Amino acid sequence: MTERLNLSISSFDVAMEMHNPLSAIVAQEAGFPALWASGLTFASAMGCRDRNEVSWTQSLHNLIDVVQVARRPILFDCDSGHGDFNNFRHVVRRIEQIGVSGVVLEDKLFPKSNSFVEGDQTLVSVREQVGKLRAGLDARKSEHFLIVARNETMISGGTVAESLDRCHAYVEAGADAVFIHSKRRDPEQIFDFLSQWKRRAPVVIAPTTYDDVHFDEFAHAGVNLVLCANHSLRASVRAMEQVCQQILQTRRLSAVREMVCSMDGLFSMLDYQKLAQDELHYG
Ligand code: SPV
Ligand code: MG
């Protein structure tokens, strides 16, 4: 389903990560207005690392299934564009076509490293990132399909001033929003950026490490979209570990009865009732 992502300098939303159709359903039923198709968690759910081990076509196929159940706009993590400007615009065309609402393009090399690992965090030149952004903008069919420029200057050890320079260049090239990322435990760099950015264009963040800040504080400082970038997947890993341990320890399934979703809950989430009605109608 295509729905516009609410991302402007006067809006504020929080998007929840999802990595398959079921996690998208859980997030939207909980009330999240937008869904983050995280590269890290799509890869993790497939037993892969966030280093472009998963191809963009694998993500496309997964997203086709997600779009079938999604009732909220999806922002797709396009990593570093899966190659050069031509690869990126090719991905943009296909991702827009299936009903996703926007992509994020980060200014790192291909293959990219996750921002939190001790891998190669080298940035591409401003010229290369701007060329890719322009190619993606020219390739999209609708201007409502958002192209978000992600800057990893602070991840690669650069300064707030350098990050601002890059973000200004990306917005001048036509990017709809910027996504600034930091791996520090405190939010000072991010707030410093925001105070100098002065709401020039919408700002997206993923406060995975500086996670103690209230969302209202981000909104007040000029953030327009907060990504809970990996929390659904990490929650499910923890829950699966606990259930496995409990069952092995107690040797009876009732020990985890309160820890798991009921069978009825699952049927209701996937609308088995509608199928029963359809069977009366069509069967
Ligand atoms: C992702 O969720 O894949 C992201 C955010 O890109 S991060 O993992 O923080 O780099
Ligand atoms: Mg990612």
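**Ligand 1 and the cysteines**

Ligand 1 is surrounded by Trp36, Ser38, Gly39, Leu40, Asp77, Asn114, Ser115, Phe116, Arg150, His181 and Ala229, each with a heavy atom within 4 Å of the ligand. This is a predicted model, in which local features need pLDDT of at least 70 and side-chain atom pairs count only at pLDDT 80 or more, whereas totals for chains, interfaces and linings use all residues. Residues are numbered from 1 along each chain as its sequence is written, ligands are numbered from 1 in the order in which they are written, and side-chain values use heavy atoms, with hydrogens and water left out.

The shell around ligand 1 comprises four nonpolar, five polar and two charged residues. Polar side-chain atoms approach oxygen atoms of ligand 1 at 2.7 Å from Ser38, at 3.0 Å from Asn114 and at 3.1 Å from Trp36. Taken alone, ligand 1 exposes 280 Å², and the protein buries 100% of that, with areas computed by the Shrake-Rupley method with a 1.4 Å probe.

Why is Cys78 in no disulfide? The structure holds zero disulfides, a disulfide being a pair of cysteine sulfur atoms within 2.5 Å, and for Cys78 the reason is distance, because the closest cysteine sulfur, in Cys48, is 17 Å away, too far for a bond. Cys244 is likewise in no disulfide, with the nearest cysteine sulfur, that of Cys261, 16 Å away. Cys78 counts as buried because its relative accessibility is 0%, whereas Cys244, at 48%, counts as partly exposed; buried means under 20% relative accessible area, exposed over 50% and partly exposed in between, with a 1.4 Å probe and protein chains only.

Terms used:
A polar contact is a pair of N or O atoms within 3.5 Å; within protein, one must be able to donate a hydrogen and the other to accept it, and residues adjacent in sequence count only if both atoms are side-chain atoms. Ala, Val, Leu, Ile, Met, Phe, Trp, Tyr, Cys and Pro count as nonpolar, Asp, Glu, Lys and Arg as charged, and the others, Gly among them, as polar.
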